[in-house]
Amino acid sequence: ELLLAEQFKVLLRLVQPREESQQMKTAAAQARWRQFLISTLDRFGDQLEAVEIGNTINRRRWSGYLTIDHFMAAWSIAHEQLRIRGIQIAGPNISDFEHPYNAGVLSVMARNSCLPDIHTNNLFAERAVEPENYDHKIIGRRLVGLHKLNLVKKACLLGRISKSHNIGKTWSTSAFWSLKRIARRLENSEEKQADYLVRYLVLSAASGGLERAYWGPLVSHREGLVDDGTGFPAKNELVSFYGSTLGKLKDYRIRPAFHAYAFFNQMIPGSRYNGKLTAKRFQQVHEFETPDHRIHVLWTTNTRILSLQSLYSEEVLRQAECISRDGQHLQDTPSAATERPLYLRWPITADVTVDRNATVSNDVLIDGSRRDGQYFHFSDGRWKGLVFATDREQADLIIANIHPEKIAAPTAANILRKSRNLIWTIPDPRHPDRLLAVKKPNRLRFNKKIYDYFKPSKAVRSWNGAFQLLRHGLNSPLPVAFIERAEGKDTLNNWYVCEYAGKVPSVREFFAAFATGEDSYLGVSKTDFMRSLSKFLLKLHARGAYFRDLTGGNILVELGAGQAVKFSLIDTARARFYQVATPLNQRLADLSRSCYKLDWQSRIQFMELYLAGLNKKFSLLYRLPFHGFDLKMKVKRSWKRKPSRQITFGVLLPFLCTRLSGSSAKHINADRQQLSTEFMQTAFLKCHNLSGIIHEISPLLLV
């Protein structure tokens, strides 16, 4: 009544309780339904824009309709009463993209001469995670390339089904991303909810198949635009039915999705869609036109970044009015488009062109949900990179201090590590009392140089891994920048810069102490430490991370008040991330590295804590990867010992080389040192690879 008094257009959804819908073939249930309709429609009269009948009828467990006849009994009565009053009827409210139901139910309605005025569907894209994704639930993830059905195509198909039955309107009357589902993988779930909402609405408008798209609940703890402040969902919340609103008004909190939805409704509805201005799926640029303005809505898919300078000329960007997803007018034009939608607006008379060949970087990944900074591209012809900073001025300051021609060189006072990688500290130009850590490849074996040539540089891989961990809610020193060659590949000359974590202990130190029989280390008991670490690693793997170098030295420990322990990950270049939880065999491969410094009794204690979170026991089968890693490390150490090298150099080398090459021992001895070095490198690699194969295969036996 309040909405109608304020001149809102109201779509009233009438829902039967499940126990009533199950009885709709009986005369008594039909009479109760008819009386409910009469009293409700008499109350509101013709003020309603439309009434929707149907509640996810393709889900028997949710709607309660046992057969199509049960639903048609309810529909026919509602159709009759609404026609008498001249109110539009909407339905049948199919859930998800299951178009055979839409076509089939509308055909039944056509035979009974009771088609709706508005064809409705709850066109969820949540199950595809991102609105732009192909729907993997149709025929599986591996075959999505065959149908390539995304939100736009699905909306178009539903619109065509409507037209085939001479229905002029198609609405999606409920869609949302529940925060709980987003939080299974990502940390900033409310920010991602707002991103997905705008991207969903723009794509729905772009499809041409939908005339209108609704969100789900306005107020709800689980997926509402407004949080009710209770901390738990209301009872019986079900897609298209929210029977009650809990909490107190003073505790209500507006979420980012509310502001994003409000601003979208100010900008886009009523405009004309001119089309998508780029052909790439990983980047979206959509143009809308009003009588006064030309509007571009642009974003990338998750973790991708696109330079605005590659899309638009400097003149076009200077003329643009930049507006954030939530409606904030930005004084400075952003350097890049990310997964958070951005509005660019020009006067209708402006000549705006887009470079359709511009594309996102295939190598570089980011966390587009961060609010503590922006991403700025850097290139001077010789070097290129990316900087994370609060503004352009700070980005330029960082670049001036970390440029390869100006960066402070490592010295005995600031060097942290010198082996395969060179790691040292430099002053933080943003905060004189803080330090930054710099990582640069120091040496690479010949075969590694070839292998790395076909991958992103180590600096980029470190940047990607750190930001991926952060976006998944896992601590890692905040990346500041990376720099690499502007042209070609250089496997040694690339720099990764992040904030310095300080002189903190690592898990390796704790495990080494526990392996000697200590019950505590640095004031933290063994049991408490292992319990905290197991929770952290369970979260790591539940978020889909496979670290691949999860040694104790790469897990830093931050000690808080009392025995509070926090963990942070470094050396992130090898990490991989999945959209599902990490498989068990890869979890065990990670954990076998972590537990290497522990004695077997302590390993059993730790693994029982970890596997208890998966409702499993540390059986003999699950111990295979640990034995495999132990063997690998034992073989590596044995080949590095001097007696082994002497035997190889003095006896085996001449014999093997003679047998394999046919050369004389005299010729071999002439260049013995060089051949010995080459042979040892080859032999070590083969032995290392053999032990590595054993370590990698042992988890596969679990399958």
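Modeller: The answer begins with the packing of helices and then turns to strands, sheets and single residues.

This is a predicted model, in which local features need pLDDT of at least 70 and side-chain atom pairs count only at pLDDT 80 or more, while totals for chains, interfaces and linings use all residues. Residues are numbered from 1 along each chain as its sequence is written, and side-chain values use heavy atoms, with hydrogens and water left out.

Helices here are DSSP runs of H or I with at least four residues, strands are runs of E with at least two, and both are numbered from the N terminus. Axes are lines fitted to C-alpha atoms, for helices over the stretch in contact, and angles run from 0 to 180 degrees between N-to-C directions.

The crossing of α19 past α20 is right-handed. A crossing has this name if the near helix is turned clockwise from the far one by less than a right angle, and is left-handed if the turn is anticlockwise. On the α19 side, R587, L588 and L591 meet F606, M607 and Y610 of α20, where contact means heavy atoms within 4.5 Å. Sorted by class, this contact of α19 with α20 has five nonpolar residues, no polar ones and one charged residue. In this sorting, Ala, Val, Leu, Ile, Met, Phe, Trp, Tyr, Cys and Pro are nonpolar, Asp, Glu, Lys and Arg are charged, and the others, Gly among them, are polar.

A further partner of α20 is helix α18 (residues 526-542), whose axis lies 9 Å from that of α20 at an angle of about 50 degrees. These two helices, α18 and α20, are therefore oblique to each other, and α18 passes α20 in a right-handed crossing. Among the residues of α18 in this contact are M530, L533 and L537, and those of α20 include F606, L609 and Y610. The contact of α18 with α20 divides into seven nonpolar, five polar and two charged residues.

Strand β3 (residues 88-95) is mostly covered, with seven of its eight residues buried. Buried means under 20% relative accessible area, exposed means over 50%, and partly exposed lies in between, with a 1.4 Å probe and protein chains only. Strand β2 (residues 50-53) pairs with β3 in the parallel sense over three bridges, and V51 stands opposite I89 there. Two strands count as paired if DSSP finds at least two bridges between them. Strand β4 (residues 118-122) also runs parallel to β3 and is joined to it by five bridges, with G91 opposite H119. The peptide bond from G91 to P92 is cis, with omega near 5 degrees, and P92 itself lies in β3.

Elsewhere, an open sheet of five strands has the order β9-β10-β11-β15-β13, and its pairing is antiparallel. Its edge strands, β9 (272-276) and β13 (321-323), each pair on one side only. Within this sheet, seven bridges join β10 (residues 283-289) to β11 (residues 293-300), and F288 stands opposite I295. Helix α10 (residues 189-207) lies across β9, β10, β11 and β15, at about 60 degrees to β10. Helix α11 (residues 256-267) lies across β11, β13 and β15, at about 25 degrees to β15.

Two backbone angles complete the account. Most residues other than glycine have a negative phi, and most peptide bonds are trans. L522, however, has a positive phi of about 55 degrees; L522 is found in the loop between β23 (520-521) and β24 (524-525) and is partly exposed, with a relative accessible area of 49%. R548 also has a positive phi, near 70 degrees, and is placed in the loop between β25 (545-546) and β26 (555-559).

How values were computed
Parallel < 35°, antiparallel > 145°, perpendicular 65-115°, else oblique.
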